[in-house]
Every structure is written in C-alpha cells, then in structure tokens.
Amino acid sequence: MTAVDTDQPPVATPTSWTARVRERISRIVPPGQALPDRQPAYMSSWIYVFGVLTLAALIVVVASGVVLALGGVTWWHVSSLGHFVNSLHLWSVELFFAFMVVHLWGKFWMAAWRGNRALTWMTGVVAFLGSIGTAFTGYLSQANFASQWISTQAKDGLNSVGVGAFFNVMNPAQMLLWHVVLLPLVLGVIVVLHVILVRRHGIVPPIDADEETAS
Amino acid sequence: MTTSTEHRRAPRAGRPSTPDSHGFATRPYDLVKEFVVALVVVTLLTVGLAAAFSSPDEKAITMRDWANAAPNDVVATAAGELAGTTTSAGFGPPYNTAADGAALGPLKLQKWAGVTIPLDSAQDLVLIPLAGVTDNSALTDALAAWQSAGADQRTQWASDYSDALAQAPDGNPDSVATGDYGPVPVIAAGFLTLANTGGLEGALTSSGNFYGGDQTKSLLLLADGAYLEDQARARNLGGDQWGMMNETGNYPGQPWMWLYTFWYQVPPFSTSENADALVWGLMMLLTLGLALVPFIPGLRSIPRWIPVHRIIWRDYYRDHPRR
Amino acid sequence: MRPMILLADGAGRYVSSGVIQISVTNLVIIAAMILVFVLALVLPFPGRHHQDSSDRDS
C-alpha cells in the first residue's frame, strides 16, 4: 500500500518536447529489459544463439568493409593485404547470411511472431531483403569480371520493372555509394528496430505454454 | 508491476493467447558475455576461412582483351550497332524508345519509367568514339560517307554487312561475300583497331568529360557482343545455369539467391520473353508472403502441425507436462 | 597471402541432377547450414542444472 501525499499537486502532462521524447523513449522497452541479466528458463536451446551470431557477423562485415573503404575501390586488386581484407569481407558475408537463415528457420519453427511479435518477424524479413540488396551492390563494386557480368545481367531484370531507370547497376560510381552509405544506413536502422522489438516484447514463450502462477 | 507490453485479448476459439514472457521462471544469463563470445567466434571463423580459401578476383575484360580474343565478334558487334540490331539498340526504356519492353500483365513498368539514360547505340557506342581517330583517312572518309547517307541507306548497308558476316566462315570479315556494304566494313574495321589500342573505354566513359565513373556505355557495348556471355557461360554463370547463385571458380556464391534463380530454370519462365518481369513479380509476391506469415492462416500454423518446437523446448515441456 | 586451398579454377566443380545444378561449394555450404541447424536443435544446452529456483523479474 502506498502512502498518498495529499500536499503534492497532481503531475501535469509535460508540455516540453524534450520531456515528452524522454517519456516515450523510456517506455519503448520495459524497465530493466534493455539489458537484463536474467532470461526465461525455457530458453534452453542452441538455436537461440543464431540471432547474436548474425549480429556479430554483421559487425565483422562492416569492420572489414571499413578497412576496404580506407584503401578504396582499386586497393584490393593491387595489394595482397587488401586482397586478404577483401577475403575477410566475403567470408564474413557468407557467415552472416548462413547464421541469419538458420536464425530465420529457428524463428519460423518456434512461430516466434506470437504474442504481438509480428513486427519483430516483419523487420527481420525486411532486414533479410535489405541484406540481399546490400550484398548485390557490393558485388557490383568489385571492378572485375564478376561486376561486368552481374551488372549487364541484372540490368535486364531491373529494367523490366522500371527500376533500372533510376538505379543504374552499370554505374559503379552510383552503386558504390549505395553499397557503403545508403543501404548500410537503412539496414542499420532496421536491425536496431528489430533488436529493440526483441527486447521490448521479450523472448516468445513455448507454444501452448501457460503463464506460471506466482508462488 | 507488469512488464507486459501486450494488450490482453480474449482467447480466440481454439487458439490460446500467448502469455507474457516476463511471467515465467528465469535464470541468470550474461547477454554481453554471449555477444563478446559470438564476436570472437565469428572473427576467428572469418579469419580462418579467409586465410584458407581467399576470394575471387577475375580481371575485368578490357576492350583490348575482347579485340585480341574475339576480333570477329567486335566487328560483328560494331556492324550490329550501326544496323540497330543489337540488344542495346532494340532495348527500349531506359535507353531508347525502340521497344516498349517487358510488361507484368497490364503493368508496363519498363515503359512507364521512361528514357532516363538516353543512348543512341550507333552514335554513342561506335561513331562518336571513332570520330576521335585522326590518323586514318580511309576511316574519316567512311564516317563522312555514313553521315551524309540517308537513314534507310545506312540501315541497308549495315544490315547487309551484318548478315554477310554471319554467313562468313567463323564470322571472318576477310571472308565476307562481296556486296554493297558502303562504308560499314571500313568503320567496323576501324572500330576493331580502336579497341586494340586500349583507348575505347576512355572514349566511351569520359567522352569529353575527364572524370569517368559511369561505365554504362562500355558495359552495354560489351554485352552487345557474344564474348562476355561466352566467358560467363564457361563459368556456369549463365541465367539458365543457376548463374545467379554462382561465382567464378570454386568460390562460394550466393546460395540465398536459390529461389530467385530457380524460376528461370523451369517453364513457363525458361521459355518466356517476359521472364524477367514475371520472375520479379512472383518473387515480390512470395516475399510479401514471407513478411506476412504471422497473418496468413495455414502458413502460420505449420509450426504447430510439424512440431519441431517440441525438440527446441523439450526441457520446458518435460518440466511442465500438459494438464 | 597465398591461400592454402586454391579455389580459383576457371569453371569450378558442379554437380547436377535434372534441372538442379549447383556448385560443390554452394552445396557444402547449404549442407553445413542444415547440419548446424539440426545440431542446434538436438545438442543439449548447458545451464539447465544451474537454474535458480523460481524467480520473478517484475
């Protein structure tokens, strides 16, 4: 039972934009749930590590990409260190997609969209698509035979639906900027939203589980 | 105090509502440590794979490479550009209005997007680069003859020469049957010479600008020939070879593209002129389906019908048997 | 840095059956993913025995 202090005036709804934003932010994730140090006991399976593995792989992808960006587009063709960094970028991307798909498989079989988690599922799918698009612009930026073939093939598909009119895959100067600036930014925002939603709703309980009554 | 972010609904008939995850027994777990371990594991895996297998880097085909490896193809392509019969010349939007392009049922998306990358194949890919050649008087005369001829005459010369090349053994210009091809043979030969000097990409990309960066013209020209595709098909990169999934050599490709490229392998897509638009439309539909799984009856129930989850949560189900 | 296992080989190795055609490398990757998925489902996850008695976090 709480003691009521009758001398305090009622708290008015804040009119300050700053206060309102602060209130909204603090309500995005339940208190203590952003980085809890406990988790539901039903999370006892290795399938649960694939989300964080995907995130970790994404970080390695970005880090290796940053090093490639330091040297520029032609660097890795002439430097053996640069070529090694390119290899890091390629293999971290393969791992990223592998972990992400295993994560998707797990979430499907757990029907993880239950309990108001549809948006978590959907942001995950959008992140998957965004990743494919980002990888695609990366392949176009290689400045080698693969880029030549991929661009001249992809233009047919994209032109058939009018997209090629403003997204020119044969223009490396445009594709490179989509790959290192535009798409990573968009993908980053989607991934952040996805993770926030996970923390907001908590990890989905087992199918047909009943909420345990308080002891 | 509840940490629930859920709006409680009355259970639907036959489907219990999902309880709040914060109402279950918990145990300690170190998320940050888990993340750091994951990062270390992925980094080690990446370094190991990169050191063991490296990454592909097949050199781009230069115009000079093309001219050396397949000179007859270069000549045939130049003639085709002048005749307006190449892929780029007849493409339609966004390069020209030679065709309407693909349609998705009533949706003429390619046409509606308009000509935003205007290109005159004959002029931009062949004649303008050649106009810069100064030490070949025969070529200069041929170009003048071409420019002063009427459109129908040009098309006649170029088409006849294209056909003659196709008939010649190995497409060799030296073995072409005699005929009236006007200045086209000299122009096409001059084009091959320009490609051999290594100056063609520059002429196409910079075209009086200084800074290049946009390789559209060079790529369209290269793709108008047969050599690029021949090289790609030899590496299993062709559209009907599941090419979208593949990489040169034995390097890992893009396994996640399997479903997109699958449709191109089977009818009706494999035999359709409109395959690109059809496959795009189908994949957009399937992707929408994937995103909306939570709302699609039947699809969203598959995890119940095929209970893989009973393995995942076996510990929980063992400790909490169904009443 | 010279790779220990050379993957550069022009055409590469492929296996095919009917309409299906896939590179050996891609096949290995997909098979490994399925294996990893199955192992993730069946391998016991440590920590069950360190569970505290029922606790609430609210």
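This is a predicted model: local features need pLDDT of at least 70, side-chain atom pairs count only at pLDDT 80 or more; totals for chains, interfaces and linings use all residues.

Student: What ipTM and pTM does the predictor give the complex?

Tutor: The complex has an ipTM of 0.92 and a pTM of 0.91.

Student: How many helices and strands does chain A have?

Tutor: Helices (H or I, at least four residues) and strands (E, at least two) are DSSP runs, numbered from the N terminus. Chain A has seven helices and one strand, in the order α-β-α-α-α-α-α-α along the sequence.

Student: Why is chain A described as more spread out than a compact globule?

Tutor: The radius of gyration is taken over C-alpha atoms, and the globule rule is 2.2 Å times the number of residues to the power 0.38. For the 215 residues of chain A the rule gives 17 Å, but the radius of gyration is 23 Å, well over that value, so the chain is more spread out than a compact globule. Its C-alpha trace spans about 75 × 45 × 40 Å along the principal axes.

Student: Which residues form the domains of chain A?

Tutor: Domain bounds come from an automatic or database domain assignment. In chain A, domain 1 covers 46-100 and domain 2 covers 111-203. Their centres, taken over C-alpha atoms, are 16 Å apart. Two residues are in contact if their C-beta atoms, placed from the backbone, lie within 7 Å; each of the two domains gives nine residues to the contact. On the side of domain 1 of chain A that touches domain 2, α2 (50-71) and α4 (80-109) of chain A give two or more residues, and α2(A) has the largest share, four residues.

Student: How many residues of chain B are in contact with chain A?

Tutor: In this contact, 82 residues of chain B meet 83 residues of chain A. Helix α1 (residues 31-53) of chain B supplies the largest share of chain B's side, 12 residues.

Student: Which strands of chains A and B pair?

Tutor: Two strands pair if DSSP finds at least two bridges between them. Strand β1 (residues 38-40) of chain A pairs with strand β1 (residues 26-28) of chain B in the antiparallel sense, over three bridges. Within this pairing, Arg38(A) stands opposite Pro28(B).

Student: In what order do the elements of chain C run?

Tutor: From the N terminus, the order is β-β-α. Strands β1 (residues 14-17) and β2 (residues 20-23) of chain C are antiparallel and joined by four bridges, with Ser17(C) opposite Ile20(C). Two residues lie between the strands of this hairpin, where Gly18(C) takes a positive phi near 65°.

Student: What is the mean pLDDT of chain C?

Tutor: pLDDT is the predictor's confidence in each residue, from 0 to 100. Chain C has a mean of 79, with 64% of its residues at 70 or more. Among its elements, β1(C) has the lowest mean (92) and helix α1 (residues 24-42) of chain C the highest (97). Over residues 50-58 of chain C, pLDDT stays under 50.

Conventions. Residues are numbered from 1 along each chain as its sequence is written. Chains are lettered from A and ligands numbered from 1 in the order in which they are written.
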